[in-house]
Structures are given as structure tokens and as C-alpha cells.
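This report is intended for a reader who is meeting the structure for the first time. Please keep the sequence and the three-dimensional view at hand while reading.

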Amino acid sequence: MISLNGSSLLSNTGISTSFSQSRRNVPSSPSIVMVAQSNNNPNRKEKKIGAVSSNGSTTSAAANEIKEIDSKSTIASGGVQDFYGEDQATEDQLVTPWTTSVASGYSLLRDPHHNKGLAFSEKERDAHYLRGLLPPTVVSQDIQVKKMMHNMRQYKVPLQRYMAMMDLQNMNERLFYKVLINNVEELLPVVYTPTVGEACQKYGSIFRRPQGLYISLKEKGKILEVLKNWPEKNIQVIVVTDGERILGLGDLGCQGMGIPVGKLALYTALGGIRPSASLPVTIDVGTNNEALLKDDFYIGLRQKRATGQEYSELLDEFMSAVKQVYGEKVLIQFEDFANHNAFELLAKYRKTHLVFNDDIQGTASVVLAGIVSALKLVGGTLAEHTFLFLGAGEAGTGIAELIALEMSKQTKAPIEETRKKIWLVDSKGLIVKSRKESLQHFKEPWAHDHEPIRNLLDAVKSIKPTVLIGSSGVGQTFTKEVVEAMSSFNEVIALAQLYLHLHLYLYLFDEADIGVYNDMQKPVILALSNPTSQSECTAEQAYSWSNGRAIFASGSPFDPVEFNDRVFVSGQANNAYIFPGFGLGLIMSGAIRVHDDMLLAASEALAAEVSQENYDNGLIYPPFSDIRKISAQIAAKVAAKAYELGLATRLPQPLNLVQYAESCMYSPDYRSYR
């Protein structure tokens, strides 16, 4: 049967789509419907519709109506009939790109959604015309996973591993996810941070096969039709970027597509969202990256970025079209938009769409979870700590606001009061009230009473934070002096607090007092910027400069550090802990809006998954090896909050939300074919 990977070509040519039939209904000796359309060749006679059996003989009465065709135009190399006129057409003649849609034989082996490679059974090879197209060996999916990992480990360059994984995704989808799920800790840095950053930088050079939808200014006024070109119709989650602020790498334009593709791979692997229900999108409005504009391999629009009304109208059209095509409950996740657009887009659409900004909200949720976990190691409540941020963009202000919100929830104090425990430093220094008139609107809530301070070290010495958080996107900004300062005055603070635990007038220590002292002298240092080269400091620097006292976590992964005969394993404040489970919770509850309380619920669920063994090793995040169980717990808490807030539409509420979340998760195990 004939189609163009969907129904668009059939409908455009006026040919009925009734030729399509379910694969399960294909008879044992199937007929393939062949449709030909004349091109511009004047020597070519009209061909009508006929059915040709698998052995080449005509089986339909309509076949008798096929008119004689000039032998010169029907015999291609090897003596095979050129039914579609492709071999005889010149480059300036139009040829319709017909393809078969029955996933059997050669086409089945090139269909990533259904291909199983050598795992096709003997019965399946007979039923789907695979005899001779595969070697005689039949292997299990587990052996295929073992082979892929063996081959993967031969590559020494991370980008080569990334490309190998993308090739596997385009060849065998289920095997790709099986490999990723079974080896998530090893492969997460390959398919996402930090390797995906390099992949985006070189996306034009390594581009092989398009993934997702590219919506550029050329499609303005036609976005609804563009969305309908996507073959899957039941979309539940869209990850969209405009490529202006990719990780800490800046404006990569259209080549930012690596981010939505990577995020959605994690949605499936870690959160169990079906691959067919996800859609990566890049909004291409140009780029201000001069190097890309001059690059022969750049794949996007070669123009400066559109701004203002032109940009807003394109985004409005996209958001409206998405809702029209996929409905009210499709989750739209904004990724790597620049600050000046990210906050406005989230504020604009959160009241009318199910939207989530991972850079603002996802990062905030995962960092809050880490801080809540760290309190088990350093003691005290959120309100008893002082926070200092380097970086006041999407991530920094998003984290700060969620910390203030959780602090307000715990203390019942107004959020305006809890914000005073949080200080931010941007490129111009400490954010204070005297700068308020020149601040961007999202920084204004963090302008407190204080004299101006220009640099981070002076801010640390003045504010004396117990928690230092970096979200600046600038590497090596947590210098030795900064870390040593954090360690020194936290020790002084700890001594002062220890005094309260001493026996009155006796000045005697007991074991509990010593434990309190050891805990309270530990500064919490979170270097969150990605990729690794942009991290504010390395794990080794944090541990050595703090004399092994720091509670450290980073945005990018670092190897274990040996210091003073101890091995320190740092945590990774990776958004992948939060957004897959968060998205699953929204989808399984049928939520129509995202509420801040859902983010708090996700943070609490993640913090609860840190075990005592993790704490004993100095970790404030659980291992990624348990990520699917963690995602199920997060999804259950988020869904429960959606039902509590009246934002859920999937009724009635399941009795056991954790079990329900697990039952909703996609499995990459192979299916048996008839």
C-alpha cells in the first residue's frame, strides 16, 4: 500500500487514503497497492492503479487497465520496471516520492519504531519477509544491549558516543531506550549534559537525520499546517527552544535542537513518557552568533534574531496552534530561552496553557530538594540559613523564589520577609535597593538594604552565607579565597551555635555536642552552571579548599575526589531528577495548569528519596540508578497536588498514585509481531 509516511501526500494528490490498512490485517500473501502518477515526461503514457502480488503478478482486475508503457521509460538498470518514472526523470522534472507503508521486509529493518535487528524470531522472519535480509543468528535484546555498550566504550571522545547513541535512536528506538535505562548513570552525561552542549555547537556538522519540528519565520502564518505534518497525533509533551541561551554556551540558533531531543529522550527513559507522545520543537528566528552565520554547515536561518512584535507574533501563533492541534492538556516545556523572553513567556502563558520552564522552575525544584537534603547534614531549618547566589538570571531567581516560598510555607511568614534571607550577586555586584531603578523586573524582589558591593568575595565576607549557589554560567568564579572564606566563618558560626548546646556553666562537651559542631561547620556549595567548563568550581577544588568540609553538588558530573585519605563523591543537581517525574505527574492526572505547590511537592518527594547510606557518603541526591522509582514517587506527589488543587481532569483519582505512575511508564522491551 502506498503513502507518504502519513496521509498528507495522498490527500494533496486527491487519492483516497482508504488504501491504508492495519499491519495486523495483512494476509499471508499480501498485496502491495501500487499507485503511479505521470510526471512531466511527454513520452510517458498514463498509468492507472493496479495491485501487484509479492511474486510480481497482477491480482486485480484494474491491472488489465494499465496501458502499455514505452519500454525506454519503464526499464531501469537491472531490467526492473520503473513504475514511478524516477529513473527516467531529469532533475527539473517533478517526481512524487511514493513509499510503501507496510512494515515488512527491507522497510521494516529501517523503521526505528519497529525494528528489532537480530532479535527478530524465526517465526517473525517468516511472517514479515525477513529471510535472507538478516544473518541466521537470533539474539536476545539483552545481548544487543551488551554489544552496544561494548561498542560504546570503545569510543574515547564523548561526542562520538553521543553520535553513536543518536544513530541507534534513529535505527532501533526500543533498543536505544533499553540501553539508556539499563546504563543511565554512564550514559546520562552522553545524551545530555555536558556532551549535548558540544553536540549543539557542532550540530550542523554532525547533522544526519532531522529529529523534531523546525518552525522558522518562513512558516509564519502556516504553523498549524506544519504541526499537522508531524506523523504522531496524540502528543502529550512538547519541549521547545529558540536556541538563544543553550546551557552556558549562548546563542546557537537552530542548532539548539539537540536540547529538546535530549530532554525528551530523558522524559521517556527516566519518566516513562511514550516516545510517540513527545515532540521536540525548535523555533528559528535567526541567530546573533556571527560564527554560525558564516559557517557553511549551519542549518538555520542566516539572519539576525527577530525581536519585538515579529517574535511575539510567531510565538503566539505557535502556542495557539499547539492548543488547537493537541488540546488543553499537552505539556509545553520551555527550554533555554534568554532571560528577557523566558520570564515573559512563562508569565504570559501559564494562565492559559499547561507550561513549564525547566530553567526557571525545574532547576529551582531540584536545587531546593538538594538544600532540604543538605539540612540533614548541616542542621537547622531553611529559615536559619542565609543564602547567597552568584547569578541572577532564570536559574538564580527561580531557585531563590522557590526557597523563599518553601521558607514561607514552613514559617508562615510573608514571602516578602523570607526573601530577605536570600541575596543575589549579578555582573554588577550585590543586588541592593540603591540599584532598584536600573534592575530588570525579575531581580527587583531581591534588592535589599545594604551598601553596594562589587565582587563576590566581598559579598561573601559581608553577608556570611551558609549556602553559596552558583548559577552564573561563568566558570571558576568560586575562587580559592571565596571557598576558604565560606569555610572559615561557617566554622565561627558553628562554634557560636555549639555554645547553645553546652551544659550551662560547665563547658563540658558530650558526643551530641561534638556531632552538632562537626555538622554546623560545613558550608553548602552548589556550583550549578553547565557544561563542566562553565562550573563555578570543580569538586576537587571545593573539597580541597574547604579542607574536606564542604557539602558540594554541581550541575555537571565530577569524578570522585580523594582528599586526606577520604573519598568524596559529589552529588549532581541535575534537572533530570525532576522534570521527567514532574511531567508524568501532570500527564497522568490530566492537569491543565502548573502550580508552584506542585514544584514544592516534587522537591519534597526527591529529598525523601535520599537514604541514610547516601548521607553517610556526603551525598544530597539519590543515585540515578533508581531514577524510574524516584520519578514514580515524584509523579505521585505532583498528581496528588493537582487533585488537591482541583487542577486534575482525569477522574476518579487512582487509589494508589505510585502504582498508577509505574503502570503508566513506557517499557522498551521488544514486542512480538504476528
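Predicted model: local features only at pLDDT ≥ 70, side-chain atom pairs only at ≥ 80, totals over all residues.

Residues are numbered from 1 along each chain as its sequence is written, and side-chain values use heavy atoms, with hydrogens and water left out.

**Salt bridges**

Side chains of opposite charge can pair when their charged atoms come close. A salt bridge is taken here as a side-chain nitrogen of Lys or Arg within 4 Å of a carboxyl oxygen of Asp or Glu. The structure holds 27 salt bridges. Three of them are listed in the table.

| Pair | N to O distance |
|---|---|
| E186 and R153 | 2.9 Å |
| K220 and E313 | 2.8 Å |
| K641 and E644 | 3.3 Å |

Helices (H or I, at least four residues) and strands (E, at least two) are DSSP runs, numbered from the N terminus.

E186 is partly exposed, at 30% relative accessible area, and R153 is partly exposed at 39%.

The salt bridge of K220 with E313 likewise links distant parts of the chain: K220 lies in the loop between strand 5 (213–216) and helix 11 (223–229), and E313 lies in helix 14 (residues 308–326), 93 residues apart. K220 counts as partly exposed, with 33% relative accessibility, and E313 is partly exposed with 34%.

K641 and E644 belong to helix 26 (residues 627–644); because they are three residues apart there, about one helical turn separates them. K641 is buried at 15% relative accessibility, whereas E644 is exposed at 57%. Elsewhere, salt bridges that share partners join R245, D336, D359 and E394 into one network.

The buried residues are V184, L187, L188, P189, V190 and V191. They pack against helix 5, helix 6, helix 7 (173–182), helix 9 (195–201), helix 12 (258–271) and helix 26, where contact means heavy atoms within 4.5 Å.

**Nonpolar cores**

In soluble globular proteins, nonpolar side chains tend to be buried together. A nonpolar core is a set of buried Ala, Val, Leu, Ile, Met, Phe, Trp, Tyr and Cys residues joined through side-chain atoms within 4.5 Å. The largest such core has 124 residues, of which Y162, M165, I403 and F582 touch the most other members. Neighbours within four places in sequence aside, I403 is in contact with L368, I371, L382, F387, F389, I422 and I469. Another core, of 36 residues, lies apart from the largest one, and I215, V240, A306 and F318 are among its members.

**A loop residue**

E384 is located in the loop between helix 16 (358–378) and strand 10 (387–390). It is exposed, with a relative accessible area of 52%. Between E384 and M407 the C-alpha to C-alpha distance is 9.7 Å, and the two are 23 residues apart in sequence.

**Aromatic rings**

Rings of Phe, Tyr and Trp (its six-membered ring) pair if their centres lie within 6.5 Å; planes under 30 degrees apart count as stacked, over 60 as edge-to-face and the rest as tilted. By this rule there are 13 aromatic pairs. The ring centres of Y267 and F579 are 5.1 Å apart and their planes stand at 65°, so this pair is edge-to-face. Y267 in helix 12 and F579 in helix 23 (residues 579–589) are 312 residues apart, and their pair links distant parts of the chain. Both Y267 and F579 are buried.

Y543 and F552 form another edge-to-face pair, with 6.0 Å from centre to centre and 70° between the planes. Y543 is buried at 2% relative accessible area, and F552 is buried at 1%. One aromatic cluster is formed by Y543, F552, F558 and F568.

How values were computed. Buried < 20%, exposed > 50% of the residue type's maximum accessible area, 1.4 Å probe, protein only.
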